[in-house]
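Keep the picture open while you read.

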Amino acid sequence: VQLQASGGGVVQPGGSLRLSCAASGSIRSINVMGWSRQAPGKQRETVGSITSGGTTNYADSVKGRFTISRDNGKNTVYLQMDSLNPEDTAAYYCNADIVSYGGMWYRNYWGQGTLVTVSS
C-alpha cells in the first residue's frame with residue numbers, strides 16, 4: 001500500500017491550491033483519511049481529516065479556509081486550500097487508515113510530503 005501526494009507549489013498570499021493524495025496497492029478498505037503539515041523548524045500538526053462517510057474536522061488555524069474531500073471510488077483525498085497566507089508554508093503530508101487484503105486491522109499509512117510555499 002502506498003500514498004502518493006501531489007499538487008504542491010508556490011502561491012501568492014490570498015491564493016489557492018489543491019492537493020491530492022491517492023492510495024494504491026492491495027486495499028480492502030479505507031477508513032479515515034487526513035492531512036498534516038510541518039513548517040520549517042516546527043513540529044508536525046494535524047490539518048484535518050475525513051471519514052469514509054464524509055464527516056470532516058479541521059484545525060482551528062485552517063477552519064473556514066481549507067476543505068477536505070475524498071473520492072472513495074478513486075481512494076483519493078483532497079485538500080482545497082483558499083486564502084493562503086505565509087504561515088501556511090509547510091510540507092503537507094497525507095495519511096490514511098487502511099486494511100489491506102489479507103490483513104485484519106486498520107494500519108496507518110503516510111504519504112511523502114508535498115511542499116507548499118506561500119510567498120509574494
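## The disulfide

To get going, one term: a disulfide is a pair of cysteine sulfur atoms within 2.5 Å. Bear in mind that what you are looking at is a predicted model. It holds one disulfide, made by C21 and C94, whose sulfur atoms sit 2.0 Å apart. The link of C21 and C94 is right-handed, with 60° about the S-S bond.

What does this link tie together? Are the two cysteines buried or exposed? Both C21 and C94 are buried.

## Salt bridges around R37 and D88

Next come the charged residues. Side chains of opposite charge can pair when their charged atoms come close. This model has four salt bridges, and a network of them links R37, E45, R65 and D88.

Let's start with R37 and E45. They form a salt bridge in which the closest N and O atoms are 2.6 Å apart. R37 has a relative accessible area of 6%, so it is buried. E45 comes in at 33% relative accessibility, and therefore counts as partly exposed.

R37 also meets D88 in a salt bridge, at 2.9 Å from N to O. R37 is in strand β4 (residues 27–38), while D88 is in the loop between β8 (76–81) and β9, so this pair ties together parts that are 51 residues apart in sequence. Both D88 and R37 are buried.

Which other residue does D88 pair with? The side chain of R65 meets that of D88 in a salt bridge, at 2.8 Å from N to O. R65 lies in the loop between β6 (56–58) and β7 (66–71), and D88 in the loop between β8 and β9, so the pair connects parts that are 23 residues apart in sequence. R65 is buried, as is D88.

## β8 and its partner strands

Now for strand β8. It's mostly covered, with five of its six residues buried. β8 runs antiparallel to β3, and six bridges join the two. Along that pairing, L19 stands opposite L79 in β8.

β8 also pairs with β7, again over six bridges and in the antiparallel sense. Here T67 stands opposite Q80 in β8. β7 and β8 form a hairpin with four residues between the strands, and in it N75 takes a positive phi near 50°.

In soluble globular proteins, nonpolar side chains tend to be buried together. The largest nonpolar core here has 31 residues, and L3, W35, F66, L79, M81, Y92 and I98 are the ones that touch the most other members. Which elements give two or more residues to this core? They are β1 (2–6), β3, β4, β5 (45–50), β7, β8, β9 and β11 (114–118). The largest share, five residues, comes from β9.

Not counting residues up to four places away in sequence, L3 touches C21, A22, A23, C94, N95, A96, I98, Y109, W110, G111 and Q112. That list includes C21 and C94, the two cysteines of the disulfide.

## Two more residues to look at

D71 is found in strand β7. Its relative accessible area is 26%, so D71 is partly exposed. Leaving aside neighbours within four places in sequence, D71 is in contact with T76 and Y78. The C-alpha atoms of D71 and S52 are separated by 9.3 Å, with the two residues 19 apart along the chain.

T114 is found in strand β11. At 9% relative accessibility, T114 falls under the 20% cut-off for buried. What does the side chain of T114 reach? It reaches the backbone nitrogen of G8, at 3.1 Å. Setting aside neighbours within four places in sequence, T114 is in contact with A5, S6, G7, G8, L19, A90, A91 and Y92.

Note on methods: Residues numbered from 1 in each chain as written. Predicted model: local features only at pLDDT ≥ 70, side-chain atom pairs only at ≥ 80, totals over all residues. Heavy atoms only, no water. Buried < 20%, exposed > 50% of the residue type's maximum accessible area, 1.4 Å probe, protein only. Pairing = 2+ DSSP bridges. Core = buried A, V, L, I, M, F, W, Y, C linked by side-chain atoms within 4.5 Å. Contact = heavy atoms within 4.5 Å. Polar contact = N/O pair within 3.5 Å; in protein donor to acceptor, adjacent residues only side chain to side chain.
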